[in-house]
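Visitor: I have a structure open and want to learn how to read it. Can you walk me through some features?

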Amino acid sequence: MGYEQFLREEVEEDAPLIEGTRYNVQVERLDKRGSGQAVVWRENKKGNMGKLRLTIPYTIPGEEVHVTVAEPLKRRWKTTVDEIVKPHPDRVEAACKHFERCGGCSWQHYSYEGQLREKTNLVKGYVQGAGFDPDLVESTVGAESPWHYRNKMEYTFGADGSLGMHEPGDFRTIVPLEECLIMRPDMKAAVLEVGSWTKEHQLSGYNKDTHEGLLRHLMVRQSFVTDEILLAVFATEAPDAVPEVKELMKRIEKNHPNVKSLMWLENRDIADRAQAADEDIHLLAGRDFIYDELMGYRFRVWYDTFFQPNPKQAQKLVELAMEMGQPKADESMIDLFCGVGTFSLPFATRVKKLAGIEIVETSIQSAKRNASDNEIDNTYFLAKDARKGIDEVLEQFGTPELLLLDPPRSGAGGKVMRRIGRAQPSRIVYVSCNPETFAEDIKQLEPYGYKLRKVQPVDMFPQTFHVECVSLLELTDDVDEEVRRELM
């Protein structure tokens, strides 16, 4: 059965009912966010038996747990565990002291082998739910180390100036950072330096209710190849209005020589997003970007550049895409949702010509610059909506033999997928960060004669429920008759 059907499956009506709001339940499955799901039956105010669906974070399917549900009872309820009556064999002790309070990780209670199995099953469920053979899904490629893998983190300043991560589901409560096991020690040290500076000078954080306060967010990025670090402080005032900034600059220069970019970004908007810098951008020290490398190609990474957060696994993604796509020297190729050229540059050196399409203008500018830095001259990058961009590229370059797409979590969408189907490239490599929208998207290609050949999940985010996958679809003669008439 498909994963969606599995989520909707009903339980037997004789599920145990414990007196009052205390329940012993068995965790049956995980939801889309990796939290345990259980169902019990209880008596409502009218004396009828009603189903109570429980979401229980930090649990594993098969575990028996004790929970208490507060009144008034609803049909759905999120609760916490009072006691684990029967733990799963894959349950382990969380390594981080902030686990369950910090929103950065959600699966530290799950052994890494268990995480990989769960992610494989998740992808299989969505693939099967869309009508494809789940045996086409390979076992998830794990990380060599499930710790210290991230090259980018974003932290928030609390109203009292504390620096840390949001509590899960609570954007007003900040868990002050003391340790973080998914980023590199150098990054953590730089973040703690900023947090110490903030506290020593009693600088205020942004209050989401009163819309007052100075400091909003801190972004840190680091290249695993060059070791260069970028620090970006998001604030409501210009640095000239904050005399303490000069001391921050001195402390960073003295204690963190690998910080090659120290930036201060003004954001006075009510919208509290780390990427929102609609006003002035101030370079406090160094350059406004850092250098990074992937597959031997050099990239410039700015504060707002999308670059795969797990560089070691990102290399595996590119290698898998190469293996599946089999680019050839006499072929043309389209890289849809190309970003700054993460896939474009390695593929461009193996094909005759490559066109990259991306709606974000700054990403296209970066892609062009990255191609130039790497002396690649057979690329054409277009800043345009995916569907319209395909039309323009097809008009100029004709039908490509190979098309690669790496859309956002929302997927490419039916209109884009059908446009790809009508273009009839021989091979399609789909890189996805969301197996649900991936399955929905590739279903759109079936009437156009495409067959799914392989799906390879890759664990980009250990200790979380997220999973990436790379897949290959090939064009066959098995085209729907109505579509065949459309293509004639």
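**Reading the helix pairs**

Guide: Start with a helix contact. In helix 3, E193, V194, S196, W197 and E200 meet V245, E247, L248, R251, I252 and N255 of helix 4. Those contact residues divide into five nonpolar, two polar and four charged. Keep in mind that this is a predicted model.

Visitor: How do I describe the packing of two helices?

Guide: Two packed helices are described by the angle between their axes and the distance between the axes. Here, helix 3 (residues 185–200) and helix 4 (residues 245–255) pack at about 150°, and their axes lie 11 Å apart. Helix 3 is therefore roughly antiparallel to helix 4, since angles over 145 degrees count that way. The crossing of the two is right-handed.

Visitor: At what angle do helix 2 and helix 10 pack?

Guide: The angle is about 30°, with the axes 9 Å apart. Helix 2 covers residues 112–129, and helix 10 covers residues 435–443. An angle under 35 degrees counts as roughly parallel, so helix 2 and helix 10 are roughly parallel to each other. Their crossing is right-handed.

Visitor: Which residues make that contact?

Guide: Helix 2 supplies L122, V123, Y126 and V127. Helix 10 supplies P435, E436, F438 and A439. By class, the residues of this contact are seven nonpolar, no polar and one charged.

Visitor: Now the interior. How should I read a nonpolar core?

Guide: In soluble globular proteins, nonpolar side chains tend to be buried together. In this model, the largest nonpolar core has 77 residues. M153, Y155, L215, L231, W264, F347 and V429 touch the most other members. Apart from that core lies another, of 39 residues, including A355, L394, A423 and V479.

Visitor: What is F347 in contact with, beyond its neighbours within four places in sequence?

Guide: F347 is in contact with A321, M322, P327, M333, L354, L402 and L404.

Visitor: What is the phi of M295?

Guide: M295 is not a glycine either, yet its phi is positive, about 55°. The loop that holds M295 runs between strand 15 (290–294) and strand 16 (297–301). M295 is partly exposed, with a relative accessible area of 23%.

Visitor: Is S35 buried or exposed?

Guide: S35 has 13% relative accessibility, so it counts as buried; the cut-off is under 20%. S35 lies in the loop between strand 2 (29–30) and strand 3 (36–43).

Visitor: One last residue. Where is T379 found?

Guide: T379 is in strand 19 (residues 379–383). At 22% relative accessibility, T379 counts as partly exposed. Not counting residues up to four places away in sequence, T379 touches A348, L354 and A371.

Note on methods. Residues are numbered from 1 along each chain as its sequence is written. This is a predicted model: local features need pLDDT of at least 70, side-chain atom pairs count only at pLDDT 80 or more; totals for chains, interfaces and linings use all residues. Side-chain values use heavy atoms; hydrogens and water are left out. Helices (H or I, at least four residues) and strands (E, at least two) are DSSP runs, numbered from the N terminus. Buried means under 20% relative accessible area, exposed over 50%, partly exposed in between (1.4 Å probe, protein chains only). A nonpolar core is a set of buried Ala, Val, Leu, Ile, Met, Phe, Trp, Tyr and Cys residues joined through side-chain atoms within 4.5 Å. Contact means heavy atoms within 4.5 Å. Axes are lines fitted to C-alpha atoms, for helices over the stretch in contact, and angles run from 0 to 180 degrees between N-to-C directions. Angles under 35 degrees count as roughly parallel, over 145 as roughly antiparallel, 65 to 115 as roughly perpendicular and the rest as oblique. A crossing is left-handed if the near helix is turned anticlockwise from the far one by less than a right angle, and right-handed if clockwise. Ala, Val, Leu, Ile, Met, Phe, Trp, Tyr, Cys and Pro count as nonpolar, Asp, Glu, Lys and Arg as charged, and the others, Gly among them, as polar.
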